[in-house]
Amino acid sequence: MHETVVDETPGFLLGAGTGAPRFSVRSATATAVTLVVDGRGRFPLGQDGDVWAADVPDVVPGDTYHLLVDGPAGPRHAFDPARPLLDPSARGILPVDAPHRWTSVVVDDAFDWGGVVKPSTPLDRTVVYEANVRTLTATNPAVPEHLRGTYAGVAHESTIAHLHRIGVTTLELLPVHAFDTERWLRDAGRENAWGYNTLGFFAPHAAHASADARAAGASAVLREFKGMVRLLHEAGIQVVLDVVYNHTAEEGPGGPTSSLRGIDGANRYRWTADGSSYYDTTGCGNTLDTSVEATADLVVDSLRYWAREVQVDGFRFDLMAALGRDSAHGFDPAHPLLDRIRNHPDLQDTLVIAEPWDVGPDGWKTGSFGPRVSEWNDGFRNTVRQFWLTDIAEERRKGAPATGIGRLADALTGSRSLFDTARGPLAGINFVTAHDGFTLLDLVSHDAKHNEANGEDNRDGSNDNRSFNHGIEGDTADRGVRAARGRSMRNLMATLLLSAGVPMLTAGDERSRTQHGNNNAYVVSEDLTPVDWSDDEDAEAMTAAVASLTRLRAAHPALRPTRFGVEGQETPGATRMSWYGPDGQPMTIEGWDQPIHRALQYFAESTPEHEPYDRVLVVVHGSGRTRDITLPVRDDVVGYRLAWSSEKHRDHERLRPAGQVFTAYGPGIHVFEIA
């Protein structure tokens, strides 16, 4: 059965009704709009308010087309009736050998989903895996060579088997909307690797499709994308798209005019009060003005298309604070667009993930996006990195670290200091690494960034990395340094996967992927290394550790509460927390705050709602010194059995009685199941 969804958004969509296809586009400032369908003629569009439309007979999939738009002159306008422009709602976009470089393509949306439905994964059981289509499978020998680095490669059985092994439930793909390389990079003969430079919000990026699909045209590219989604869904894996609705590939006022700027630029972008220049809160040259209804409608129409027609499971919004700015450019948590994203009927089954900041004034908005939104928790990242890396480095240099263990405890239990009680711990997407920044291996191998390959004299990328090279900068054969790095990687990964909230892994961290110290590998260079699928002992050990941790997380609801507890109340879905010091006694105020006290025991008990009662003990030791830790004595505990440790070669079999001393040999995290 070929299923399609009737859609009322602008642009072309075949198979959505009877009679001649109808094309429409919106512009509040144009004076004339002409649709040119190659080989079929020119069609002047009639105007009704800001909607320009016409019936277009005989259009078929594969037809290429563009718009010619005229309008007034002036500093905020970029009309040129001779310039071909992309349809903002084009379902297909392909490169052409012409000065305008791209063309819109009519596609056939029909696809046989075979009755496959979206997986239903509870948010507390979700494990996100952020990946680049290109680099995920580029060197995987189990994937046929012609499918490596493609949508089909992402859905290959070997990729799915790996995701299952490490406990991934949700694959988050870096931008797959059609994108372009920034002009200054093209002029330097370079290529954008990440995709945060959108040409069109409805078309899949054709270069990520297989060569056969590209040769067959835009409809085949879309079918390959849908085929990827179907196969991942059959395997129980959700698909989340990283979407860039905050700016476009048209860059600053002098940048390429490919679509919206030439259609309605005065209305669709943010401008300074005097109208002389763009008001940019993205750092990319322009910012879409989502306080304008037509722009907000474009965003919602695109989301609905991908959620309904392409069946994706959710969206991670790049620089989402930019989407919530009002007509005066201030952030409004009740912004109409944010409200529509949270509440639109067609989006109720989607994950909504925010990158909760932009680079404009007052742009850091973590904790501000309200119900149904899970936000990237950069505070978790910074706290965990500092505890396990920079504090350990400082202890080596000065004999004592700068901070105690209190902040880490807040991170472990869902960042309650950041997210209010009503939203709970699942409001946070916890991460230690992401596509921008060091990989996990580089985080423990470099004290400073090494971004020379980007061609910006190492000026780009953050200088606040909270990393630690463990004594030698970069790659080394020194066994002691490599062992210390491996332990730190396990400590970081364990903290991520044992903490309340939604964990996000970065593709390749479980395979010890390196970018050679480049913490901003957004251009194609020798630093843009794909996931390493070679038979490497360290990579295999790290993969096994991640797999063990995700199994442990899945087995213990006490580690993944859905709500914050309330003092004096029994809250179903919350975790009851008891804190003990290294002496096995209840934690003291001094134990939280003093840098010399960097050990705690976290006794977590679930409050059953949908799963049986569960409890677990997590022991954290954040020092390079050896320390004896007395396991807590409780009336309801017979003993403790070690289930996982970041120290290698620990005894996992015997039951340790309550009150017994457990020796921590250096920095580590240890999980005990309780009898």
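Which residue with a positive phi follows α3? Select Gly 167: its phi is near 80 degrees. Before you click on, note that this is a predicted model, where local features need pLDDT of at least 70, side-chain atom pairs count only at pLDDT 80 or more, and totals for chains, interfaces and linings use all residues. Residues are numbered from 1 along each chain as its sequence is written, and side-chain values use heavy atoms, with hydrogens and water left out.

**Stop 1: helix α3.** Select residues 157-165. Helices here are DSSP runs of H or I with at least four residues, strands are runs of E with at least two, and both are numbered from the N terminus. Ser 158, Thr 159, Ile 160, His 162 and Leu 163 are buried in α3 (under 20% relative accessible area, with exposed over 50% and partly exposed in between, using a 1.4 Å probe and protein chains only). These buried residues pack against several elements, including β10 (128-131) and α14 (537-555).

**Stop 2: the barrel.** Now show β10-β11-β12-β13-β14-β15-β16-β17: in that order, these 8 strands close into a barrel with parallel pairing. Pairing takes at least two DSSP bridges between two strands. Zoom in on β14 (residues 351-354) and β15 (residues 373-377), which are joined in parallel by 3 bridges. There, Val 352 sits opposite Val 373.

**Stop 3: Asp 313.** Where is Asp 313? Look in the loop between α8 (293-309) and β13 (314-317). Asp 313 is buried but has no salt bridge, and Lys 118, the nearest side chain of opposite charge, is 5.2 Å away. A salt bridge needs a side-chain nitrogen of Lys or Arg within 4 Å of a carboxyl oxygen of Asp or Glu. For charge, Lys and Arg count as positive and Asp and Glu as negative, while His and the chain ends are not counted. Show the backbone nitrogen of Val 239 too: the side chain of Asp 313 reaches that atom at 2.7 Å. Other residues in contact with Asp 313 (heavy atoms within 4.5 Å) include His 233 and Thr 350.

**Stop 4: strand β19.** Finish at residues 599-606, where 8 of 8 residues are buried. Ala 599, Gln 601, Phe 603 and Glu 605 are on one face, with Leu 600, Tyr 602, Ala 604 and Ser 606 on the other.

How values were computed:
A polar contact is a pair of N or O atoms within 3.5 Å; within protein, one must be able to donate a hydrogen and the other to accept it, and residues adjacent in sequence count only if both atoms are side-chain atoms. Lists of a residue's contacts leave out its neighbours within four places in sequence.
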